[in-house]
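Thanks, everyone. Let me put the model on the screen and walk through a few places in it.

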Amino acid sequence: ALKLRPDFPEAKENFYRVANWLVERWHFLMLNDHGRNHKYQLAIKKAVEGGCSSVLDIGTGTGILGMCAKMAGAAEVYACELSKTMYELACEVLSANGMADSIKIVHLKSLDMKIPKDIPNRVSLVVTETVDAGLFGEGIIETLIHAWKHLLLPPPNTQQPLSSPSQTGRVIPAGATVFGVAVQCREIRRQHRLCVSSVGGLDLSAVGQIYSPVSCLADTEDSTEPYTTERLSRLRGGYIQLTQPFTALDIDFNNVQELEGLCSREMMQLRLCVTQEGVLDALAVWFQLHLDQDNHLSTGPQEDTCWEQAIYPIQSPFNTVKCGDEILVEVSCKDSYLRLCCAAIMRDGHTFRLYNVTPKILTTNPEAELCCALAGLQTNQEKPSCTFMLESAEIALLNNTAYHNSFQRAMSKLLVSLKSTRRSQQSDSELDPIYVLDVSEGFSVLSLIAISPGLVQAYSSVEKEHHQTMLRLLAKGNGVLESTLEFWLSHVEDDSAVLQRPATEKLWSAIILDCIETCGLIRQKLLEKATLARCLLEDGGQIFPERIVIHGMLVESDTLLRESAVQGTEPTLGFNIAPFINQFTVPVHVFLDLSTLECTHLSEAVELFALDLMNSTVNYTGREVKVRVNTSGKVTAIAFWYQIHLDSEQSVSTFSEDSHWKQAAVVLQQPLTVSRGEWVKLSIQLHKSSISITAVK
Ligand SMILES: CCc1ccncc1CNCCCCSC[C@H]1O[C@@H](n2ccc3c(N)ncnc32)[C@H](O)[C@@H]1O
């Protein structure tokens, strides 16, 4: 479709979503990392010149490592790639670099490769970089165990030291060392634990502990990764190291016995000395890949590398540590994920287990959780023994007090005016209830906040059982009559018809919409929902928020360029790869933290676009804005965020210190060189919630 009509908005928007999914963004980062590419090239060159004549590149991606082997003079080079998109892309790259006939590439997972079907004989060298921020997340252990058993020549044995490298097998990288450090970091805490006791006048203590799915407690059968990833060097507010970095694991990829022993090895325990007092928020983990004796690649936070680190959040209320304490860390590789867990804190000879009992984490089993939660209440324990799991985005939203407090003020103002209207029209005895509907995605307490002033019948569209249980507990804990909170989905036949009247002959006084995704994009179908919601409002009724204003500014950022497209042939060792992988460039970058992104502001922030949710007739789909350059440079992107206007007085910014929302940016196809004092004309198009911006002088 794009080939036929390159500017066809639906096709463009769909292609961008598909491109994001087909080709992971780290391909651009990796290929632009000249240091990484050059070190792999040196190690491969040394091995081939040292006699490794047959090479297999496992997980070839664009084919760059296989091409290094060929250029180094390897007689036979094979490559395998499990992603169809990357396989087809690698085929194009190989032929564009004149190596289609000399490198045999197969669209296979290495585990499914057979001799002689896929490769004629065992090879003397396997090169691979099938690693993620937690090292094992791409299955490198299983991949190498299989390679040693079925694809590689036997390792050189010490008895016959003179066996030539062409008759023995080896792996690049030769091994890895895993490091870790305990950190205090508010930004991580905000996404994985409840940090506030009340929001919008609502006391949250009734729900006890809240966990994010990333927990070393999550039992191993569910396949969720036990870690999340963050670029520690880019985290808002930074982080504090509470211990010295420690070595968690050393792995020799050329020792198949050790590789096999890794997953069966019992867990290891490390005792870390606390060198800095603080709140124990997470363990941060990175690694060094030892390509060979002389070439090492690090993914550490202190490096200027582009890689993220693996983050293991501590999910325990007991988490302040003092100098002299020792933290007991358990390291294991069950189910081939690297698992780290802070099991206990030792202080003055006492051991405080962080997770005294594996708390009953409530997620999907409704009956058990309801009885357990309410049981907690019946015995009027100050805290129910249960705990709840929310997505990290839901926890971050819950911790955003500014947003909830603004909403509470806006809602109270509306209720005051609605009550006075009713009092003037109806007798006190038969005051019509004020119907409020919260159609937020995911877990939201806004419906409860609306009830607190009274006379309100609130409906929440949360559908998950444990979300409903939490709202019931919060209602009880805040003295709100449970009957004033209902779950809307039990009233509608199917959740596609969420937006409909509260009852026949009744209209809503307030409808709460969820407009901005945590990643920094406008939610899909927002305008359609607002249009529908407006028809369901009584006179004087209100949609929250009533208006969204998009603000933006011109920025110069090489980092954003490196994450969006391969910059020529220089970073990729002179191979012609950029035009092929750059077909998958997408213009809009999300999950940015503009407060820590390396970038130069080339203009003030300006208002780019306004969306009126209470009056769609004033909405336009395109707008032109002139922006004055106040710093000379190269405009590489337009960063943008939102001012969410709950009503005429209350508004919150998604680019503020306490915002849980991230920002986004449109990366220009061609950077625009500008001088101070010049004007840039931006054309902003908003089509079906997706934004596009072009810039001309
Ligand atoms: C400093 C390294 C670093 C540190 C921290 N964060 C990121 C990085 C950078 N490495 C990211 C690569 C990670 C993706 S793996 C690269 C390509 O290989 C493919 N694959 C994976 C396994 C596999 C297999 N067994 N058989 C065939 N193909 C396979 C994937 O389909 C992908 O296209």
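The shell around the ligand first. Its residues split into 10 nonpolar, six polar and five charged. The classes are these: Ala, Val, Leu, Ile, Met, Phe, Trp, Tyr, Cys and Pro are nonpolar, Asp, Glu, Lys and Arg are charged, and the others, Gly among them, are polar. In total, 21 residues surround the ligand. By "near" I mean a residue with a heavy atom within 4 Å of the molecule. The closest are W26, G59, E81, S110 and E129.

A word on the source. This is a predicted model, where local features need pLDDT of at least 70 and side-chain atom pairs count only at pLDDT 80 or more, while totals for chains, interfaces and linings use all residues. Residues are numbered from 1 along each chain as its sequence is written, and side-chain values use heavy atoms, with hydrogens and water left out.

Now the polar contacts, meaning pairs of N or O atoms within 3.5 Å. A backbone N or O atom of S110 sits 3.0 Å from a ligand nitrogen. For E129 the side chain takes part: one of its N or O atoms is 3.1 Å from a nitrogen of the ligand. L82 uses a backbone N or O atom, at 3.3 Å from a ligand nitrogen. And how much of the ligand does the protein bury? The ligand alone exposes 710 Å², and the protein buries 95% of that. Those areas are Shrake-Rupley values with a 1.4 Å probe.

Next, strand β2, residues 76–80. Helices (H or I, at least four residues) and strands (E, at least two) are DSSP runs, numbered from the N terminus. Four of the five residues in β2 are buried. Buried is under 20% relative accessible area, exposed is over 50%, and partly exposed is in between, with a 1.4 Å probe and protein chains only.

What does β2 pair with? Strand β1, residues 54–58, runs parallel to β2, with five bridges. Strand β3, residues 103–106, is also parallel to β2, with four bridges. Pairing takes at least two DSSP bridges. Look at Y78 in β2. Opposite Y78 stands L56. In β3, its bridge partner is K104.

β1, helix α4 (residues 64–71) and β2 form a right-handed β-α-β unit. β2, helix α5 (residues 84–96) and β3 form a right-handed unit too. Right-handed means that, with the strands pointing away from the viewer, the path from the first strand over the helix to the second runs clockwise.

Last stop: K688. This residue lies in the loop between β37 (679–687) and β38 (690–696). K688 counts as partly exposed because its relative accessibility is 45%.

Key:
A polar contact is a pair of N or O atoms within 3.5 Å; within protein, one must be able to donate a hydrogen and the other to accept it, and residues adjacent in sequence count only if both atoms are side-chain atoms.
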